Each structure stands twice: as C-alpha cells, then as structure tokens.
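Student: I've got the model open and a few things to ask. Can we go through it together?

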Amino acid sequence: MIEARQLSFRVRERELVRSLNLRVRPGEFTAILGPNGAGKSTLLKLLCGQLKPTTGTIFFAGKPLAEWSARDLAKYRAVLPQQSAVPFDFTALEVVLLGRSPYGDAGSQEGLAREALRMTDSEHLADRVVTTLSGGELQRVQFARVLLQIGWRPVSDGRCLMLDEPISNLDPAHQHGALQVARNMARRGVTVLVVIHDLNLAAQYADHVILMKEGGIVAEGAPAEVMTAERIGDVFSVHARITANPLCEAPAVFVELPPR
Ligand SMILES: Nc1ncnc2c1ncn2[C@@H]1O[C@H](COP(=O)(O)OP(=O)(O)OP(=O)(O)O)[C@@H](O)[C@H]1O
C-alpha cells in the first residue's frame, strides 16, 4: 500500500507535482495516465523515494518513507525506471540477479532468476551480454530483474511494484505478456503501479486509473468511469470517441487531432 498526503514537488518556480493526495491499493493494478510532461514520472520518483518532496509525506504500509531503511525499502518496493542504466558487460542473468541484492543471496538464486526471465519470455537471453540486446529484449530483462526483487509468491504485506512505461519498447504480444504478468502480481496481493501511455491497454488491464494533467490528478477510479470522451479529449487535447472493446469488457478509445 502506498499513500501520499499533500505531495508537492517544485523545481525553481515550477510546481511539477501539486498537492496530491492518493492511495495505491494492494491487490490492484493502478495505471497513471496523462500527456507528456504531466508529471507522471516525477510522481513515481517521489513515491519510490528517488526524489524528495517539497511538501507532503509518503507512507509505505502506513510507515513514513523517511523511516524505512534502504534495505527494507528495497525488499518492499521494486522500481523499473523509464531508462535503466545497463551494467557494462553483464549477462542478462547477472542483471536479473541484481534483483536479489537486498537479500544478499544472489549467488544461490539462479533458478529463480531463470524463472523470472521465463515470465518475461527472455530465458533464451540469459547468457547474452546486455549491451548487445535489442531495446525490447533489454526492457524484458529489466522487468525480470524487478520481478525477482519483489518475488511472485502471494503476499499479505502489500509490497509494491512500480513500473515507468514498462512496455514502451515491446511488440504487441510482449506488451500483453508484460501487462498480464503485472496483473497477475496484483492478483497475488502486490501493489502494482504502472505509468503507461497506451489508453486501450490501460483500460484493458488496470483496475484503477489515475489521470494526470499539469502536475495534478484530474480524475481517478475504474477505467470506464474515468475514461470519458470529454475528459480524454480535454486532458490530451484531442477529439476522442469511446466504444466497447470487442475483445473484453473495457472501454476502447479512439482519438484524432482536432481540426486546426
Ligand atoms: N529536474 C527538473 N528540472 C526542471 N524541469 C523538470 C525536471 N524534471 C522534470 N521536469 C519537467 O517536469 C515536467 C514533468 O516531467 P515528467 O517526467 O514527470 O513528465 P511525464 O508525465 O512523465 O512525461 P512523459 O510522458 O513525457 O514521460 C516536464 O515538463 C519536465 O520537463
């Protein structure tokens, strides 16, 4: 469970996140949506502790973030940033094993690391040097690393998986594969928070969506409640139409640019 109260982040005179209050619940897949520059990544960086808020407090499992030790925090929440630094010359398996660093047992967890790679359809990449991987392959390997960090056994402590655009480099099959894994993690009790640009995939996989604009939350709730044509049109500066997705019980969003 993640909670933020009166969260703000200011750089010089600009408020990138403005007085946000939010709760991200365990057992749910929560998607953060919004246009470029809305503050989604900044919010995620604040929530995971990478940035220090200008005002406000963040709680993990009811305890203020400032009171968590770095090691306990690393066991409680795993973060996949938009761009992860690639350790020079590491193999994919070694990168995934970095997910066990907080536990100090990477040497004995090769089997689990291979399972994490399997979950992201990347087991065949295990012995490849990561600097030679394609963008999508590397993104799947990094996803496997955070899966190993948080684990996939059912949990009752609401530990968190925080993913910033985890499917930006993936083909459609792997996009669905990664989002299915994230949803399955939520079903096992994990608090799953995902920044995502694809409105239709968000509608299909998220239990709860948070729609951001200019550093604030415009609306949040179930996808069908939040993703109205008027709201999507306003937030993204487009003409939007919403219909039923023929493949599942989710809204399907179509947009075009308004005439100039
Ligand atoms: N350190 C900084 N100094 C000044 N401006 C910043 C800083 N960090 C972020 N910004 C600005 O704050 C705004 C929000 O950035 P953020 O990365 O959170 O947006 P985002 O919603 O994740 O966008 P995108 O969809 O493009 O990834 C942007 O306009 C960005 O240029």
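Student: What is the strand order in the open sheet of 4 strands?

Tutor: This is a predicted model, where local features need pLDDT of at least 70, side-chain atom pairs count only at pLDDT 80 or more, and totals for chains, interfaces and linings use all residues. Residues are numbered from 1 along each chain as its sequence is written. Strands here are DSSP runs of E, at least two residues, and helices are runs of H or I, at least four, both numbered from the N terminus. With antiparallel pairing, the open sheet reads 2-1-4-5.

Student: Which are the edge strands?

Tutor: Two strands pair if DSSP finds at least two bridges between them. An edge strand pairs on one side only, and that holds for strand 2 (14-24) and strand 5.

Student: Which residue is the bridge partner of Phe59 in strand 5?

Tutor: Strand 4 (residues 55-60) and strand 5 run antiparallel, joined by 2 bridges. Strand 5 covers residues 63-64. Phe59's bridge partner there is Pro64.

Student: Is Pro64 buried or exposed?

Tutor: Count C-beta atoms, placed from the backbone, within 10 Å of the residue's own: 20 or more others make it buried, 12 or fewer exposed, and anything in between partly exposed. Pro64 has 12 C-beta neighbours inside 10 Å, so Pro64 counts as exposed.

Student: Leaving aside neighbours within four places in sequence, which residues is Pro64 in contact with?

Tutor: Contact means C-beta atoms, placed from the backbone, within 7 Å. Skipping those sequence neighbours, Pro64 has Thr57 and Phe59.

Student: What is the mean pLDDT of the protein chain?

Tutor: pLDDT is the predictor's confidence in each residue, from 0 to 100. In this chain 100% of residues reach 70 or more, and the mean is 96.

Note on methods: Contact = placed C-beta atoms within 7 Å.
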